[in-house]
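Subject: Structure handover

Hello,

I am passing on the structure we spoke about, and my notes come after it. Please have it open while you read.

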Amino acid sequence: MSYNITQELMSYYRYPVITNTKVEVREELPFPAITFCNQSPFNLTAVKEADPYLEKYFNGVSLLGSFNGAINWSDPGYGSTFSEGQSLDWWKKILMKPSQMLNLCIMKGSWCLAALKPVVTNIGHCTTFNWNASDVAKVRVTGFDNNLIIFANIHHDIYVLGSQMAAGLRVILHDPRIHPDVATSSFLAAPGTSTYAAVKRSTFKYLPAPYTSFENKTCVDTLSPTFNNTLEYHDIYTYETCLQECFTRITFNKCGCVKPSYDGTMGKICSIIEANTCYEPTFGSISQDPDVHTECGCRIPCTFDTYETKVSSSKFPSNVSIQYIIDLGVPVDEAFMRDNYLEIRIYYENLMLQVTEQIPQYTTETMTGNLGGQMGICLGASILTLTELGEFLLLLCLFIFKRIKTGGELKRIKPNKN
């Protein structure tokens with residue numbers, strides 16, 4: 001019996017869990033925030049107007065230009081534009097403008113261009129639909145004709161060489177409360193295609209310490225009233241946001257500046273030379289260092305949502321559509337449309353929500369029930385039997401106490417004779 005009690009206590013304090021996955025059918029689902037970014041962050045026309053040497057610089061630091069070696073900063077053409085820090089507004093002038101990128105936005109049959117919000121990210125000047133966390137769009141009707149429809153012009157003719165060799169839009173799905181830079185779900189849409197993305201939403205609910213959620217790691221309960229957000233520059237705590245802020249702080253401490261996407265909130269924006277010679281190599285190095293990841297001490301939240309997409313595409317526009325557009329007098333030819341225009345449809349296929357949830361395998365009630373069952377097996381006794389045994393022992397003790405008190409003599413009572 002002592003062995004069984006010890007085993008039960010050991011099992012209880014190992015805090016084992018059971019992970020359950022279930023599918024819930026909802027009447028409506030909140031739509032994710034969708035951020036659209038051009039694969040070419042920079043506008044070639046604006047780049048040439050700002051400084052002719054900028055095009056040479058971007059070519060030099062591009063994926064293809066890297067074969068030619070490092071930038072020769074002793075070249076006199078790299079003047080004050082490169083050595084002096086530029087404002088966020090200056091960077092916005094040479095970036096692709098979101099307002100010129102998206103031509104049409106329809107959500108649930110209504111126009112939604114006015115609901116888009118520009119945002120500067122690490123991959124350019126993007127625009128976000130459904131960005132307001134206090135007024136999230138919700139979907140009751142599913143299907144590719146009933147949710148978000150986007151028509152866009154990527155302006156392929158003014159692309160600048162960069163780290164990406166592909167043309168098109170990067171589409172990022174994320175929680176409306178977080179910055180798209182830290183989102184992990186995205187896909188590409190190519191010009192000349194109609195891209196359909198069926199979205200599946202999943203919710204994960206893990207148990208906080210002392211339970212382990214991810215192998216030997218514990219999660220942080222961001223929904224607890226006692227949770228304290230330790231991030232300085234982000235209102236919402238996520239694992240990716242925590243890492244990004246940690247990496248940026250370490251890089252800032254070394255280089256003394258940050259990228260334009262941080263908007264100067266942590267410190268001054270790096271000059272182009274500082275970004276090329278210090279910030280980018282430092283940030284890239286520490287983000288790949290597992291020891292730095294450990295030092296940052298970031299933990300995954302116990303509750304979070306993910307978005308998975310099933311993507312398919314077809315030729316856009318169809319031959320009959322393009323002929324109709326030309327007949328309307330739109331001043332574009334077929335080759336230009338197929339090289340620049342695209343359609344994106346993002347939608348829920350159904351209103352099913354997959355929920356993955358941890359529950360404790362052992363609770364106080366579980367342990368008490370197990371011990372009671374083992375006692376019944378070992379002793380052949382139930383709780384009622386043990387109670388009766390206790391009552392018998394109590395009466396026996398009282399009887400012995402009385403015998404001792406009366407000197408061990410028994411008094412016989414004789415019946416009265418009338």
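This is a predicted model: local features need pLDDT of at least 70, side-chain atom pairs count only at pLDDT 80 or more; totals for chains, interfaces and linings use all residues.

Aromatic rings

There are 24 aromatic pairs in the structure. A pair of this kind is described by how far apart the ring centres are and by the angle between the planes.

Take Phe 144 and Tyr 347 to begin with. Their ring centres are 6.0 Å apart and the planes stand at 75°, so this pair is edge-to-face. Phe 144 belongs to the loop between β8 (138–139) and β9 (148–153), while Tyr 347 belongs to strand β14 (residues 341–348), so the pair ties together parts that are 203 residues apart in sequence. Phe 144 has a relative accessible area of 38% and is partly exposed. Tyr 347, with 8%, is buried, because the cut-off for buried is under 20%.

Another pair is Phe 247 with Phe 283. Here the centres are 6.0 Å apart and the planes are at 85°, so this pair is edge-to-face. Phe 247 is in helix α7 (residues 239–255) and Phe 283 is in helix α8 (residues 272–287), so parts that are 36 residues apart in sequence are tied together by the pair. Phe 247 counts as buried at 6% relative accessibility, whereas Phe 283 is partly exposed at 22%.

Ring pairs also build a cluster, whose members include Phe 42, Tyr 53, Trp 73, Trp 90 and Trp 91.

One ring has a charge over it: the charged end of Lys 117 sits over the ring of Trp 131, 4.5 Å from the centre of that ring.

Backbone

Most peptide bonds are trans, and most residues other than glycine have a negative phi. The following places depart from that.

The peptide bond from Ala 209 to Pro 210 is cis, with omega near 15°. Pro 210 is in the loop between β12 (193–205) and α7. Phe 316 and Pro 317 are also joined by a cis peptide bond, with omega about -15°. Pro 317 lies in the loop between β13 (303–315) and α10 (319–327).

Lys 108 is partly exposed, at 47% relative accessibility. His 155 has a positive phi near 55° as well, and its place is in the loop between β9 and β10 (169–174).

Regards

Notes. Residues are numbered from 1 along each chain as its sequence is written. Side-chain values use heavy atoms; hydrogens and water are left out. Rings of Phe, Tyr and Trp (its six-membered ring) pair if their centres lie within 6.5 Å; planes under 30 degrees apart count as stacked, over 60 as edge-to-face and the rest as tilted. Helices (H or I, at least four residues) and strands (E, at least two) are DSSP runs, numbered from the N terminus. Buried means under 20% relative accessible area, exposed over 50%, partly exposed in between (1.4 Å probe, protein chains only). A charge sits over a ring if NZ of Lys or CZ of Arg is within 6 Å of the ring centre and within 35 degrees of the ring normal.
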